[in-house]
Amino acid sequence: MDFYTKDKLKAVDAIEQAQRLAFAPVAFHTARSLRDLGILSALDDAGDKGLNAEDITQLSGVSTYGVKVLLDMGLSAGLVTWSADKQVYALTKMGYFVEHDGMTRANMDFTADVCYAGLQHLTEAISEGTPAGLKELGEWDTIYEGLSTLPEPAKQSWFNFDHFYSDKAFPKLLEIVFANQPTKIVDIGGNTGKWAIKCCDYNADVSMTIVDLPQQLAMAKVNAAEHGFADRIEGVACNMLDPSCELPKHADVYWMSQFLDCFSPKEIVSILSRVKSAMSTSSSIYILELFPDRQSHEAGAHSLNATSLYFTCLANGNSRFYRAQDFVECIHEAGLEIAEQIDNIGWGHSLIKCQLPTE
């Protein structure tokens, strides 16, 4: 679904939205401070009756000045309301979700802890085609080389963000992937081993091979051992940007979850071509991705378009969340056929099943 075919704003509304955009970073940090300082929590507990500034100071430990200056911006951001008669603030529905909603928390912390400082280098990243903002986190060529050693709180926020979206989709995905009882699955870009562990939990006969960078395999190995699957989950160290990297042959399933969006179209075609070379006639490829134009709600497309600029500015400088048709073209260019596509899994994932061309 495309949400962006028309200019929907009248001029008076457009100039108002332009001012909100100009001060968007202020609203963002205000919301995060109100959440982290316990002010939203205090208002949530008070319910519809609300609280005055002095009561909030007593409950939160924040100075009355701090309470008032934050909440007055909170009014403009839509997080709270103000009763002039009672001199009290009250939480809005939007403020409630900033305080309680897991998706909002994961997105906000990812933006603040991983992306915010680096995004000041966005123009440079676009001009040079490099992740120019990554230097705000560490000295790596791509963020994937440094995931295991990211500074806190960036590391925790990165993994919370990544796992929040994948975890919601896992139950349905396991049902689909194991419908044909695969016994050998190659998880390309398996990261911390979370999917491999879920597969071993789900099916006692499956063996998993994770293909990833050595740093990620070290984390996956520890996690596999902790869950009792050290004998069923093995690792193959491989940089998928290296065309000479060979993949395990003739697996039942080659699995790539939120992996190919980490690469440029040319690199995607190269990776899929190498997977194709490793397949047998009975092998299947499952690709789990998020497409902005396959979202049920505009908020989903908005979030994905925003996250694409994380790839631009911090991850690698040349990848993104692709439109579905652009991605499908890469699959066809690699010489693969699409057997099935299922949209709206979990928080808006799409699962594409590919196979070798039929004669």
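Which residues is isoleucine 287 in contact with, leaving aside its neighbours within four places in sequence? Point 3 takes this up.

1. Basis. This is a predicted model, in which local features need pLDDT of at least 70, side-chain atom pairs count only at pLDDT 80 or more, and totals for chains, interfaces and linings use all residues. Residues are numbered from 1 along each chain as its sequence is written, and side-chain values use heavy atoms, with hydrogens and water left out.

2. Overall picture. The protein chain has 14 helices and nine strands. Both are DSSP runs, numbered from the N terminus: helices are H or I with at least four residues, strands are E with at least two. The C-alpha atoms fill a box of roughly 75 × 50 × 40 Å along the principal axes. Of the 359 residues, 49% count as buried (under 20% relative accessible area; exposed is over 50%, partly exposed in between; 1.4 Å probe, protein chains only). Contact means heavy atoms within 4.5 Å. Among contacts with a separation of 6 or more, 66% come from residues 24 or more positions apart.

3. Cores. A nonpolar core is a set of buried Ala, Val, Leu, Ile, Met, Phe, Trp, Tyr and Cys residues joined through side-chain atoms within 4.5 Å. The largest has 60 residues; Ile143, Ile188, Met256, Ile287 and Tyr310 touch the most other members. Beyond its neighbours within four places in sequence, isoleucine 287 is in contact with Met256, Leu260, Leu272, Phe327, Ile331, Ser350, Leu351, Ile352 and Cys354. Another core, of 27 residues, lies apart from the largest one; Phe170, Ala224, Trp255 and Tyr286 are among its members.

4. Sheet. Seven strands form an open sheet with mixed pairing, in the order β5-β4-β3-β6-β7-β9-β8. Strands pair if DSSP finds at least two bridges between them. The edges are β5 (233-237) and β8 (337-345), each pairing on one side only. The twist averages 20 degrees from one strand to the next. Axes are lines fitted to C-alpha atoms, for helices over the stretch in contact; angles run from 0 to 180 degrees between N-to-C directions. Strands β3 (residues 184-188) and β6 (residues 253-257) pair in the parallel sense over three bridges. There, valine 186 stands opposite tyrosine 254 in β6.

5. Strands β8 and β9 run antiparallel, joined by six bridges. Glutamate 340 stands opposite lysine 353 in β9. Three residues lie between the two strands of this hairpin, and glycine 346 in the turn has a positive phi of about 65 degrees. Helix α14 (residues 324-333) lies across β7 (284-290), β8 and β9 (349-355), at about 155 degrees to β8.

6. Cysteine 354. Outside four places in sequence, cysteine 354 touches Ser284, Ile285, Ile287, Ile331, Leu336, Glu337, Ile338 and Ala339.

7. Aromatics. Rings of Phe, Tyr and Trp (its six-membered ring) pair if their centres lie within 6.5 Å; planes under 30 degrees apart count as stacked, over 60 as edge-to-face and the rest as tilted. The count comes to 18 aromatic pairs. Tryptophan 158 and phenylalanine 159 are edge-to-face, 5.0 Å centre to centre with 75 degrees between the planes. Tyrosine 310 and phenylalanine 311 form a tilted pair, because their planes stand at 55 degrees, with centres 5.0 Å apart. Both tyrosine 310 and phenylalanine 311 are buried. One aromatic cluster holds Phe110, Phe161, Phe164, Tyr165, Tyr310, Phe311, Phe321 and Trp347.
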